[in-house]
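Q: I have a new model open and would like to learn how to read it. Can we go feature by feature?

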Amino acid sequence: MMWRWCVSALQLWELFVSSLVHLLYGFYIFSSAVAGDLSQSLNDLVKPNVNIEGEGSVGNKDLPPIVLVHGIFGFGKGRLGGLSYFAGAEKKDERVLVPDLGSLTSIYDRARELFYYLKGGEVDYGEEHSKAFGHSQFGRVYEQGHYPEWDADHPIHFVGHSAGAQVVRVLQQMLADKAFKGHDTDENWVLSITALSGAFNGTTRTYLDGMLPEDGRSMRTISLLQLCRLGVIMYDWLDIAWLKSYYNFGFDHYNITWKKVGIWGLVDCLLGNSGPFASGDWILPDLTIEGSMRLNAHLHTFPDTYYFSYATKRTTKMMGVTVPSSFLSIHPLLFIRVLQMSLWRYPQDVLPPYKGYRDKDWQDNDGALNTISMTHPRLPVEHPSRYLVSESDCQHMEPGIWYYKIVEGDHIQFIVNRERAGVQFDLVYDSIFERCRKHVFRRRPQTVPNHAQLER
């Protein structure tokens, strides 16, 4: 009995510390954005206004746009003031778009939002899906799409961080399935997909944070995710306009504001009887191993699209045991999770998520995702792939194959704070943008990658 009390006390202490660290980091990001905006406002008062062209409006119009898609708890251009989720990487190319999608909405919902952000129109989540999960069929209206000419002759390069990579894969499958009413789409609307710490096959961190491995959908009663759920519900219910314009979790289509559901609607959501967390239409169930397998069962790797992936890793082997590779170089937000994920074992009383599952395959991680999950789609069926020791090994990429490289770094090494990654930041993003512009420029008729540029 005493042993159980000790274990419970340790678990509660870990939850308290983890919650505090996440809360402080969120406050740090928010306050940094506010401080940046105030500084910019003061500068505008003492300096004449400079007319800056809008997003995606500059540069060579013949170049396909490069679209940067953020991950969980992320944000696009226009949120959090002047703060950049991709740490300013969008400035490395003359034609880059950074959409703002729901930071906690499901992979499906985010893929639908991404389509209308680019093409324009009112976001349509689909009648069947909306009824199944209990939210409005229609969402935000984009009077003017950010790339309205988008089609197979005007394709797009996509770069997704974390869950953003899986969002792009789901979007490409929707295009192939002609899932958008009034649009004759196909998979060749996507020219290339580059994943940076891409969440392809789920992560064991979801179980550490509170998801139950028994079904990959439910949550433990006392967990970090439960605290997150309560905070998000209150944030949306209060519906403070200036605050939500600054940062939005993306659940507006659930209409859980105080004006629409009142106090009893709030109670219903908090008790888990309604809302996105009750229906399972949010991002965490999609990031469990089981949830990723459900998604991947319907997703293809297409023969005319180029694929590249950077898998991040912050662990090493010490006397045969997987441990964090460094103390100082791992972000404080992630250090405990790197250690926990390297030690985590699938419960013996629960059936493993797939035949052949081994805990040791999932020990290497970056504090948020397991390295094995980030290389390429593996579950339930492994897609064609090629491991690269150096990027020089892929001078002539072939479409339909996932080229992947393992990079030393934690999960947020290449976002928000550019200084943390140092020179490595430029090496990674320069390679990404160079590959988009030189190696995978599809032309009709097809030519050898980079051949057309060399002939000029």
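This is a predicted model: local features need pLDDT of at least 70, side-chain atom pairs count only at pLDDT 80 or more; totals for chains, interfaces and linings use all residues.

Q: How many helices and strands does the protein have?
A: Start with the naming rule. Helices (H or I, at least four residues) and strands (E, at least two) are DSSP runs, numbered from the N terminus. Here the protein has 16 helices and 11 strands.

Q: What does the radius of gyration say about the protein?
A: The radius is taken over C-alpha atoms, and the globule rule is 2.2 Å times the number of residues to the power 0.38. For 456 residues, a compact globule would have a value near 23 Å; the protein has 22 Å, which agrees. Its C-alpha trace spans about 75 × 55 × 50 Å along the principal axes.

Q: What share of the residues is buried?
A: Buried means under 20% relative accessible area, exposed over 50%, and partly exposed in between (1.4 Å probe, protein chains only). In this protein, buried residues make up 53% of the 456. The accessible surface (Shrake-Rupley method, 1.4 Å probe) comes to about 21,500 Å², of which 60% belongs to carbon and sulfur atoms.

Q: What share of the contacts joins residues at least 24 apart?
A: Contact means heavy atoms within 4.5 Å. Take contacts between residues at least 6 apart in sequence: 71% of them join residues at least 24 apart.

Q: How many positive and negative side chains are there?
A: Lys and Arg count as positive and Asp and Glu as negative; His and the chain ends are not counted. Each charge is placed at NZ of Lys, CZ of Arg, CG of Asp or CD of Glu. The protein has 44 positive and 51 negative side chains, with the centres of the two sets 3 Å apart.

Q: Which residues of H6 are buried?
A: First the general idea. An α-helix has 3.6 residues a turn, so residues three or four places apart point the same way. In H6 the buried residues include Leu225, Cys228, Arg229, Val232, Ile233 and Asp236. Gly231 also lies in H6, but is partly exposed at 38% relative accessible area. Its C-alpha is 9.7 Å from that of Leu270, 39 residues apart along the chain.

Q: What follows H6?
A: Look at phi. Asp239 follows H6, and its phi is positive, about 50 degrees, although Asp239 is not a glycine. It sits in the loop between H6 and helix H7 (241-246) and is partly exposed, at 26% relative accessibility.

Q: Where is Met319 found?
A: Met319 is in the loop between strand E8 (315-318) and strand E9 (321-324). Its phi is also positive, near 55 degrees, in a residue other than glycine. At 85% relative accessibility, Met319 counts as exposed.

Q: Which peptide bond is cis?
A: Read omega. The bond from Leu379 to Pro380 is cis, with omega near 0 degrees. Pro380 lies in the loop between helix H13 (371-374) and strand E10 (385-387).

Q: How many residues of helix H11 are buried?
A: H11 (residues 289-296) is mostly covered, with 7 of its 8 residues buried. Those residues pack against H2, helix H4 (163-176), helix H5 (205-209) and helix H10 (283-287).

Q: Which residues does Ile432 contact?
A: Leave aside neighbours within four places in sequence. Ile432 then contacts Val159, Thr194 and Tyr310. Ile432 is in helix H15 and is buried, with a relative accessible area of 0%. The C-alpha atoms of Cys436 and Ser192 are separated by 7.4 Å, though 244 residues apart along the chain.

Terms used. Residues are numbered from 1 along each chain as its sequence is written. Side-chain values use heavy atoms; hydrogens and water are left out.
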